[in-house]
Amino acid sequence: MLNFQADILENALDNEEGGMYVLAPGLGTIQLVAAMLKIQDEKRKFGGGTGVTLVIGADHTQREALVGELARVHPR
């Protein structure tokens, strides 16, 4: 993960009031969303809270890429 991606992820996770993040193509959206889902799942398992991640407007190729990236970073 690149430094700016880690900053985006850290800011999103540290914001106790929640929020909405809109990411443009080229920012590594697939990697960021997969990391967010992994972290939220781990927090949920250990009673550390809940979270919601929505991906809106993803085409078939992007959905498949997200599934693949999630399997890579958070295998079950």
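This is a predicted model: local features need pLDDT of at least 70, side-chain atom pairs count only at pLDDT 80 or more; totals for chains, interfaces and linings use all residues.

User: OK, at what angle do α1 and α2 pack?

Analyst: About 40 degrees, with the axes 10 Å apart. Here α1 covers residues 3–14 and α2 covers residues 29–45. That angle makes α1 oblique to α2.

User: Is the crossing of α1 and α2 left-handed or right-handed?

Analyst: The α1 and α2 crossing is right-handed.

User: And which residues make the contact?

Analyst: From α1 you have Q5, I8, L9, A12 and L13. From α2 come Q31, L32, A35, M36, I39 and K43.

User: How many of those are nonpolar, polar or charged?

Analyst: Eight residues of the α1 contact with α2 are nonpolar, two are polar and one is charged.

User: Now the other pair. How far apart are the axes of α2 and α3?

Analyst: The axes of α2 and α3 are 9 Å apart, and the packing angle is about 50 degrees. Helix α3 spans residues 60–73. At that angle, α2 and α3 are therefore oblique to each other.

User: What about the handedness of the α2 and α3 crossing?

Analyst: The crossing of α2 and α3 is right-handed. On the α2 side, the contact uses I30, Q31, V33, A34, L37 and K38. The α3 side brings Q62, A65, L66, E69, L70 and V73.

User: What classes of residue are in that contact of α2 with α3?

Analyst: Eight nonpolar, two polar and two charged.

User: Switching topic: how many salt bridges does the structure hold?

Analyst: One salt bridge. The side chains of R72 and E69 form it, with N to O at 2.7 Å.

User: Where do R72 and E69 sit relative to each other?

Analyst: Both are in helix α3, and because they are three residues apart there, about one helical turn separates them.

User: Is R72 buried or exposed? And E69, buried or exposed?

Analyst: R72 is exposed, at 58% relative accessible area. E69 is buried, at 12%. E69 also belongs to the α3 side of the contact with α2.

User: Q62 came up in that contact too. What does Q62 touch, leaving aside neighbours within four places in sequence?

Analyst: Q62 is in contact with I30 and G57. I30 is one of the α2 residues in the contact with α3.

User: How accessible is Q62?

Analyst: Q62, in helix α3, has 38% relative accessibility, so Q62 counts as partly exposed. The C-alpha atoms of Q62 and T29 are separated by 9.5 Å, although these two are 33 residues apart along the chain.

User: What about N15, where is that?

Analyst: N15 is in the loop between α1 and α2. The relative accessible area of N15 is 31%, so N15 is partly exposed.

How values were computed. Residues are numbered from 1 along each chain as its sequence is written. Side-chain values use heavy atoms; hydrogens and water are left out. Axes are lines fitted to C-alpha atoms, for helices over the stretch in contact, and angles run from 0 to 180 degrees between N-to-C directions. Helices (H or I, at least four residues) and strands (E, at least two) are DSSP runs, numbered from the N terminus. Angles under 35 degrees count as roughly parallel, over 145 as roughly antiparallel, 65 to 115 as roughly perpendicular and the rest as oblique. A crossing is left-handed if the near helix is turned anticlockwise from the far one by less than a right angle, and right-handed if clockwise. Contact means heavy atoms within 4.5 Å. Ala, Val, Leu, Ile, Met, Phe, Trp, Tyr, Cys and Pro count as nonpolar, Asp, Glu, Lys and Arg as charged, and the others, Gly among them, as polar. A salt bridge is a side-chain nitrogen of Lys or Arg within 4 Å of a carboxyl oxygen of Asp or Glu. Buried means under 20% relative accessible area, exposed over 50%, partly exposed in between (1.4 Å probe, protein chains only).
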